[in-house]
Amino acid sequence: MKKILIGTNTKMTKNISETKEFLAKLQTLTKDLDNEITLFVIPSYTTLLAARNIIDGDRILLGAQNMSWAETGQFTGEISPNMLNEIGVDIVMIGHSERRHIFGETNNEEALKVESALKHGFIPLLCIGETSEEKMSGIANEVLRSQLITGFSKIDKNNFEKIIVAYEPVWAIGVNGEPATAFYVQEKHQVIKSTLVELFGKKATCIDVLYGGSVNPGNANEFLKQKSVDGLFVGRSAWNAVNFNNLIRQIIPVWKEKEGK
Ligand code: PGA
């Protein structure tokens with residue numbers, strides 16, 4: 001059975017000791033699930049080294065919340081791919097909604113970061129999603145398509161196997177977010193999957209497309225039941241290790257049924 005890909009970005013909420021405690025607990029709670037899930041955690045930069053040292057082997061993939069495309073130079077405040085390699089990060093998240101909408105990152109910048117992440121051996125996790133205005137104006141599909149087409153414009157068309165895409169509608173994220181319906185999510189994941197096939201050919205169906213945005217125990221099963229949803233990217237509902245473990249255990253039977261096991 002294909003494993004469920006599930007992870008969390010802890011945003012700017014946990015310091016070093018909180019991150020260590022979270023990871024240690026999560027690791028213990030999920031230790032019998034290695035054959036069923038691929039788990040990843042993306043904590044703040046300052047916690048990455050401590051996080052790396054806490055993680056037992058490759059049981060949890062470790063991610064960075066952002067990365068500069070440049071290796072070195074006069075880029076005050078940025079973190080280089082070489083620095084992340086020194087720590088041993090597995091995943092680099094690129095273009096999270098908060099990077100795009102609070103810090104003004106553009107599709108062209110995301111493209112440079114995706115290119116650089118692959119070049120340095122990381123798994124790029126490209127986040128895409130439309131705003132509520134774009135949704136209301138009926139241009140959500142075009143927005144998603146252009147985020148993918150530009151975001152992946154700089155990579156070798158045969159080098160897509162490591163990529164992950166997260167669909168996170170901007171209006172669904174965070175405390176003021178309103179979760180999307182499962183029907184809407186399936187429709188958008190279908191647009192994403194067909195755009196990926198257009199870009200990389202039929203083999204691109206192997207690219208995992210995650211849903212994120214106010215995922216919680218009440219809606220997670222429905223999202224995961226959708227044909228084109230390969231996993232979940234969870235924020236607030238995953239920041240307590242016990243709750244996250246419960247959420248994971250809740251979706252495993254749903255996934256097995258979908259996969260016909
Ligand atoms: P949320 O965050 O689950 O708290 O809405 C999701 C995200 O930003 O990835």
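**A glycine and the barrel around it**

Reply: Leaving aside residues up to four places away in sequence, Gly 95 touches Arg 100, Glu 105, Glu 110 and Cys 127. This comes from a predicted model. Gly 95 sits in the loop between strand 4 (91–94) and helix 4 (97–101). Is Gly 95 buried or exposed? Its relative accessibility is 3%. Buried means under 20%, so Gly 95 counts as buried. Leu 125 is 30 residues away along the chain, yet its C-alpha atom and that of Gly 95 are separated by 8.5 Å.

Eight strands form a closed barrel in the order 1-2-3-4-5-6-7-8, and their pairing is parallel. On average, neighbouring strands of this sheet are turned by 25° against each other, ignoring direction. Strands of a sheet pair through backbone hydrogen bonds.

Where does strand 1 meet strand 8? Strand 1 (residues 4–9) runs parallel to strand 8 (residues 231–234), and four bridges join them.

Strand 7 is mostly covered, with five of its five residues buried. Both faces are covered. Asp 208, Leu 210 and Gly 212 lie on one side. Val 209 and Tyr 211 lie on the other.

Next, the helices. Helix 1 (residues 16–29) lies across strand 1, strand 2 (37–42) and strand 3 (60–64). Its angle to strand 2 is about 175°. Gln 27 belongs to helix 1. With a relative accessible area of 9%, Gln 27 is buried. It touches Ile 54, Ile 55, Asp 56, Arg 59 and Ile 60, again not counting residues up to four places away in sequence.

Helix 8 (residues 182–200) lies across strand 5 (123–128), strand 6 (164–167) and strand 7 (208–212). It runs at about 150° to strand 7. Helix 8 also packs with helix 7 (residues 140–151), at an angle of about 40° and with the axes 10 Å apart. That angle makes helix 7 oblique to helix 8. The crossing is right-handed. From helix 7, the contact takes in Ala 140, Asn 141, Leu 144, Arg 145, Leu 148 and Ile 149. From helix 8 come Tyr 184, Lys 188, Val 191, Ile 192, Thr 195, Leu 196, Glu 198 and Leu 199. By type, the residues of this contact divide into nine nonpolar, two polar and three charged.

Most residues other than glycine have a negative phi. Lys 11 has a positive phi, near 50°. It is found in the loop between strand 1 and helix 1. Lys 11 has a relative accessible area of 18%. That is under 20%, so Lys 11 is buried. Ser 214 is not a glycine, but its phi is positive too, at about 55°. Look for Ser 214 in the loop between strand 7 and helix 9 (220–225). At 12% relative accessibility, Ser 214 counts as buried.

Notes. Residues numbered from 1 in each chain as written. Predicted model: local features only at pLDDT ≥ 70, side-chain atom pairs only at ≥ 80, totals over all residues. Heavy atoms only, no water. Pairing = 2+ DSSP bridges. Helix = DSSP H or I, 4+ residues; strand = E, 2+ residues; numbered from the N terminus. Axes fitted to C-alpha atoms, helices over the stretch in contact; angles between N-to-C directions. Contact = heavy atoms within 4.5 Å. Parallel < 35°, antiparallel > 145°, perpendicular 65-115°, else oblique. Left-handed = near helix turned anticlockwise from the far one by under 90°. Nonpolar A, V, L, I, M, F, W, Y, C, P; charged D, E, K, R; others polar. Buried < 20%, exposed > 50% of the residue type's maximum accessible area, 1.4 Å probe, protein only.
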